[in-house]
Amino acid sequence: MTPSDHIIIIQIHNEKAMPLIKQLESLELITILEENVQPAKPSLSAKYRGKLPAEVYSSIQTSQILKQIDGY
Amino acid sequence: MDTRQYIIDTGIILDYLSARLPENGMDFLDTVINAIPNISIITKIEIQSLPIPEEYTDLLNNFLRDAIVLDLSNNVSKNCVLINQTHTLDITQAIVAATAVTYSYTLVTNATKPYAKIRGLNVINPWEIFVH
């Protein structure tokens, strides 16, 4: 720690802020001293991976909008 | 630490939601999704326009709420014009590409060909991730 360092405690209201904070740390602009927030929700991958059934996916394959979308 | 950030297109989101990608691709997307997915406003519009059965609209709307949606800012618009002047992309593809270039994000897509020669744009196809 140097004399110019400031220590502040912040509260994260939205998880979207975390990647930004992690990036600031990776750039050595800040240091995360302590993370005491337990993840209250399941990870986003657990929430979304494979949650759309194959038959729903197949049904939207024929939609006009999908034919205009990248990769289809 | 890999500090790269990604922007995911509509096709790959649908592939991930329906677990169609190969295992390596799904695992890669797990990491990208868990780090909070970035998407273009175009992707949001495309997803909301899909004829999804009512019981699955919450799934997609929640995904859109959890994602960071990147709007059509002035810088994105300027980059989109530059891309349109030198490449023959659909306007939606050009906006997605311009958004990726503006934020220096790697575009995650299965449609790599249209984006192949855009200066400053990195692309990754989760259908073609191989572990040796």
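Two residues are in contact if their C-beta atoms, placed from the backbone, lie within 7 Å. Keep that in mind for the views below, which show a predicted model.

**View 1. Chain B as a whole.** Among the contacts in chain B with a separation of 6 or more, 61% join residues 24 or more positions apart. The chain holds six helices and five strands, and from the N terminus on these elements follow the order β-α-α-β-α-α-β-α-α-β-β. Along the principal axes, the C-alpha atoms of chain B fill a box of roughly 40 × 40 × 25 Å. A compact globule with 132 residues would have a radius of gyration near 14 Å, and chain B agrees because its value is 14 Å.

**View 2. Inside the largest nonpolar core.** Of the 132 residues in chain B, 37% are buried. The largest nonpolar core has 38 residues, and those touching the most other members are B:Ile8, B:Tyr16, B:Ala97 and B:Ala98. Helix α6 of chain B (residues 91–103) gives the most to this core, seven residues. In soluble globular proteins, nonpolar side chains tend to be buried together.

**View 3. A closer look at B:Ile8.** Which residues does B:Ile8 touch, not counting those up to four places away in sequence? They are B:Ile13, B:Val32, B:Pro37, B:Ile39 and B:Val108.

**View 4. Where chain B meets chain A.** Here 32 residues from chain B and 24 residues from chain A take part in the contact. On the side of chain B that touches chain A, the elements giving two or more residues are α1 (10–17), α2 (23–34), α3 (41–49) and α4 (57–66) of chain B. The largest share, six residues, belongs to α1(B). By type, this side of chain B has 19 nonpolar, nine polar and four charged residues.

Terms used:
Residues are numbered from 1 along each chain as its sequence is written. Chains are lettered from A and ligands numbered from 1 in the order in which they are written. This is a predicted model: local features need pLDDT of at least 70, side-chain atom pairs count only at pLDDT 80 or more; totals for chains, interfaces and linings use all residues. A nonpolar core is a set of buried Ala, Val, Leu, Ile, Met, Phe, Trp, Tyr and Cys residues joined through C-beta atoms within 7 Å. A residue is buried if 20 or more other C-beta atoms lie within 10 Å of its own, exposed if 12 or fewer, and partly exposed in between; C-beta atoms are placed from the backbone. Helices (H or I, at least four residues) and strands (E, at least two) are DSSP runs, numbered from the N terminus. Ala, Val, Leu, Ile, Met, Phe, Trp, Tyr, Cys and Pro count as nonpolar, Asp, Glu, Lys and Arg as charged, and the others, Gly among them, as polar. The radius of gyration is taken over C-alpha atoms; the globule rule is 2.2 Å times the number of residues to the power 0.38.
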